[in-house]
Amino acid sequence: MLSSVALTFFGIAYWLIPHLTGRVLTGRMHSIANLQTILWAVGMFFMSGAMHTVGLLGAPRRTAYTTYQEHPDALGWIPYEVTMAVSGSILFIAILLLMFILTDLAFFAPKGKEDFPIGTVADRAEKTPLILENWRLWLMVATILILVAYTVPVVHMIELAPPSSPSFKFW
């Protein structure tokens, strides 16, 4: 989820900073910005996939590198940890590119004016169906989907609590 938020902030920064500073995002910087975004997406894809997989294999979170005295399970995590390290390096390069682009946009890009990229409705566009404009309906659908998605795991966690902890009694 954080990656999609970060990508959104990158896009906003690439539009808003030139607008606020009165500068223009040049074609060269636009190409570098596209490269930065692609590097970020690729780095996050492989890092989050490796972290998710190694977590499912039993690796603890937020620990230093260790093989736990050459335990076979921990030795199986090593390829995923290498993937995380390489992906982290890709993410670091993407952040360095972001800092370079933002510095250029704030101080060195040529002066100019950017148009607001606001979309307009086409002349022959079809009217949006009213059901798609009904916020109450879509909020209810979202609420139902959240309840369906989270009720079973939460009940499962409560009923099958670890043996060392007392079970929850709600009645």
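Author: A crossing is left-handed if the near helix is turned anticlockwise from the far one by less than a right angle, and right-handed if clockwise. The model discussed here is predicted.

Reader: How is the packing of two helices described in general?

Author: The description rests on the angle between the two axes and on the distance between those axes.

Reader: At what angle do the axes of H2 and H4 cross?

Author: Helix H2 (residues 27-56) and helix H4 (residues 78-108) have axes that cross at roughly 155 degrees and come within 8 Å. Angles over 145 degrees count as roughly antiparallel, and H2 is therefore roughly antiparallel to H4. The contact of H2 with H4 has, by class, 23 nonpolar, 6 polar and 2 charged residues.

Reader: Is the crossing of H2 and H4 left-handed or right-handed?

Author: The crossing of H2 and H4 is left-handed.

Reader: At what angle do H1 and H4 pack?

Author: Helix H1 (residues 2-21) packs with H4 at an angle of about 20 degrees, and their axes are 9 Å apart. Angles under 35 degrees count as roughly parallel, so H1 is roughly parallel to H4. The crossing of H1 and H4 is right-handed.

Technical notes
Residues are numbered from 1 along each chain as its sequence is written. This is a predicted model: local features need pLDDT of at least 70, side-chain atom pairs count only at pLDDT 80 or more; totals for chains, interfaces and linings use all residues. Side-chain values use heavy atoms; hydrogens and water are left out. Axes are lines fitted to C-alpha atoms, for helices over the stretch in contact, and angles run from 0 to 180 degrees between N-to-C directions. Helices (H or I, at least four residues) and strands (E, at least two) are DSSP runs, numbered from the N terminus. Angles under 35 degrees count as roughly parallel, over 145 as roughly antiparallel, 65 to 115 as roughly perpendicular and the rest as oblique. Ala, Val, Leu, Ile, Met, Phe, Trp, Tyr, Cys and Pro count as nonpolar, Asp, Glu, Lys and Arg as charged, and the others, Gly among them, as polar.
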